[in-house]
Structure formats: structure tokens, C-alpha cells
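Subject: Structure for your review

Dear colleague,

Please find below the structure that I am handing over to you. My findings follow directly after it.

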Amino acid sequence: MTKVLLATDKPFAKAAVDGIKEICDKAGFELVKLEKYTSKDQLKAAVKDVDAIIIRSDIIDKEIIDAADNLKIVVRAGAGYDNIDLAAATAKNVVAMNTPGQNSNAVAELAVGMMIMLNRNGYNGSSGVELRGKTLGIHGFGNIGKLLAQIGKGLGMKIHAYDPFLDKAAIEKDGVICETDIKELYSKCQYVSVNIPANSKTKGSLNYELLSVMPQGATLVNTARLEIIDEAGLLKMFADRKDFRYISDVAPNCKDEIASNYAGRFFFTPKKMGAQTEEANINAGLAAAKQIVGFIKNGDNTFKVN
Ligand code: 3PG
């Protein structure tokens, strides 16, 4: 019997887990769960005899792949697959997939929600500022970026976007101003939301040189990955620019330094929360289960990333 492991250090909402189980049952697959695990050894033991794995930000490295004797497919229920060692998967003939777009709305809503929360000083009773009439720069105009543009427009913001993988027409058709130079985006926008993957090109790419061109009232929103920001540059921005604020879905490594020196100018989630909604869990979790069934039963390779 095909065995599917749901390995989620950060568990899905119950409705999503129930839905995944239903899809597996219908396909005649067995679902086993490893939730809230505390050590890599637990994951290593759990993968031993499974054919497929569904994960979130859980790390699937060479050691885990090598420990999975029957593994055929691993699906990242979400967008970013930087947590899977693709080379190790390919070397063992294991297919890796993601579920693009399925949790984007949750991330877009969180980005805007955090901007409003910081603008209103954490709802502490003091006077804040509004988003209406401000410029929103979208760095990476993919699924999240497009949803952010819609929300931002609804709030009366002026939207600019930069995406080196899209042509001008593809961005402008959404009523968004296309910037073809990344520095133009950062220099024109008070709020910049970063929605790019972490890879060898993007890691550390949000550096002082780029951030320092932001106008007065600069707020950077990172719901992507920690590694894309150069933390030395981030600290220099905080020190040099009293108007600069940083919002991040999970705290940077230098969070203590920021917290002790720059109160009121940052907000960090305690753990990655972008996709942490019931709807996103259902969308991404069920999509992952369906992709596994489609691959095992029919060899459907859609969304393969390796
Ligand atoms: C993603 O890449 O889809 C998001 O970062 C969500 O990650 P999570 O599933 O760990 O919440």
C-alpha cells in the first residue's frame, strides 16, 4: 500500500489534515502523520518506508532523502522549496514539487495587516498614519505580488512593481506601474513588500546600497525569507535612518539589537505565519495530496521543480 507521510513541524489546521486524509483514503493510500516533531531523528525514522512526503518549511536534506528507502515524491505544500535539497532528490530519482499560489492570499493579507498594525503603533491608543495615498512597491510580481497590488489599490495606494522575469505589459495589465530598474522601485516607494524566493542570487540582496535609496517614511516588508536581507545593511539602515521601519515574517538573527535600540520601528512574527490560515492550509495541503495521487497513479509531473 502506498504510504504518505505528512511531516509538519508547524501543523496544518485540522480541516486541512482531515481533507488530506480523505484524499489518501479515496486513493487507497495510507496516511501517517508526524506533527510538531522536535528532532531530525524523528523525521529520519518516519521517512524510512514512505512513498511520498508532504511538508511545509520542514527541511528535507540529503540525509533525510537517503534515509527514505521507498521515497518517490516530496511535495512542499507551499511556494518556496528552498528547504528541499533538489540535487539530492534528483540523484535518488525523487520528484520534488511545490503547490504554487495556494497560500498566496494568506501571505498578502498578512503583509498588509502588519503594515497597518505598525502604522497604528500596535493599536496602543496613540496616533498613527494611514496607507491611503502612499506608494507601495512590489518586489516580485508573482502570485503574492498580484494579490498585494489588488489589496493596495483597494486601500488607495499607488502601486509600482519590479519583476525581472516579467515583461512590462504583463505588469501593466494589472494597472500597476512597472519599474524595470530595482533601484527605481525602492527609490519611489515608501512601502516595499518583498516577495521573492531565496536562492543563490537573492540571498543577501536586500543590502544597504539598495535600501538606502528608499524615500522618507520607508517601510520594508519581508514575508519572503530571512536570508534575502543582508543583516549588517539592515542594522546600518536602522542606525542611519530614523524614519526606516522593518516588518518581517519571522525575526532576523539581529532581532535583539533591533529590539533594544529601535523600539516602535519594527514588527517580527514569532514564527513564520504568512501561510498560517485555515484556508491556506486547506488549499496547499489538499493540493499537495492531490498532486501525490496524480503522480503515483498517473505519473502527472505538473509542478515538478527538479
Ligand atoms: C511558503 O513558501 O509557501 C511560505 O513560506 C509558507 O511556509 P509555511 O508552510 O512553513 O508556513
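Which residues lie nearest the centre of the second largest pocket? They are Asp9, Tyr37, Ser57, Asp58 and Ile59, and the lining of this pocket comes to 13 residues. By class, that lining holds eight charged residues, three nonpolar and two polar. The space in the second largest pocket is about 250 Å³. Please bear in mind throughout that the model is a predicted one.

The largest pocket

The volume of the largest pocket is about 1,200 Å³. Its lining is made up of 49 residues, and the closest to the centre are Ala79, Asn195, Ile196, Pro197 and Ala198. Two elements give two or more residues to this lining, namely helix H5 (104–119) and helix H6 (143–154). Of these, H6 supplies the largest share, which is four residues.

The overall fold

The protein contains 12 helices and 12 strands. Its radius of gyration is 20 Å, close to the 19 Å given by the globule rule for 306 residues, so the protein is as compact as a globular protein of that length. Along the principal axes, the C-alpha atoms fill a box of roughly 60 × 45 × 35 Å. Of the 306 residues, 50% are buried. Among contacts with a separation of 6 or more, 62% are between residues 24 or more positions apart.

The domain assignment divides the protein into domain 1 (3–102 + 277–298) and domain 2 (104–268). Taken over C-alpha atoms, the centres of domain 1 and domain 2 are separated by 31 Å. Where the domains touch, eight residues of domain 1 are in contact with six residues of domain 2.

Two individual positions

I also looked at two residues in particular. His160 belongs to strand E7, which covers residues 158–162. Is His160 buried or exposed? Its relative accessibility is 5%, and the cut-off for a buried residue is under 20%, so His160 counts as buried. Beyond its neighbours within four places in sequence, His160 is in contact with Thr135, Leu136, Gly137, Ile138, Val176, Ile177, Glu179, Leu185, Lys188 and Cys189. One of these, Ile177, is 17 residues away from His160 in sequence, with a C-alpha to C-alpha distance of 4.5 Å.

Pro164 is placed in the loop between E7 and helix H7 (168–172). With a relative accessibility of 56%, Pro164 is over the 50% cut-off and therefore counts as exposed. From Pro164 to Asn253 there are 89 residues in sequence and 28 Å in space, C-alpha to C-alpha.

Points to look at on the model

- the lining of the largest pocket, including Ala79 and Asn195;
- the lining of the second largest pocket, including Asp9 and Tyr37;

With kind regards

Technical notes: Residues numbered from 1 in each chain as written. Predicted model: local features only at pLDDT ≥ 70, side-chain atom pairs only at ≥ 80, totals over all residues. Heavy atoms only, no water. 1 Å grid on protein atoms, 1.4 Å probe; cavity = no way out; pocket = protein on both sides within 12 Å on 5 of 7 lines; lining within 4 Å. Points joined across faces, edges and corners; volume = space filled by probe spheres on them. Nonpolar A, V, L, I, M, F, W, Y, C, P; charged D, E, K, R; others polar. Rg over C-alpha atoms; globule rule 2.2 N^0.38 Å. Buried < 20%, exposed > 50% of the residue type's maximum accessible area, 1.4 Å probe, protein only. Contact = heavy atoms within 4.5 Å. Domains from an automatic or database assignment.
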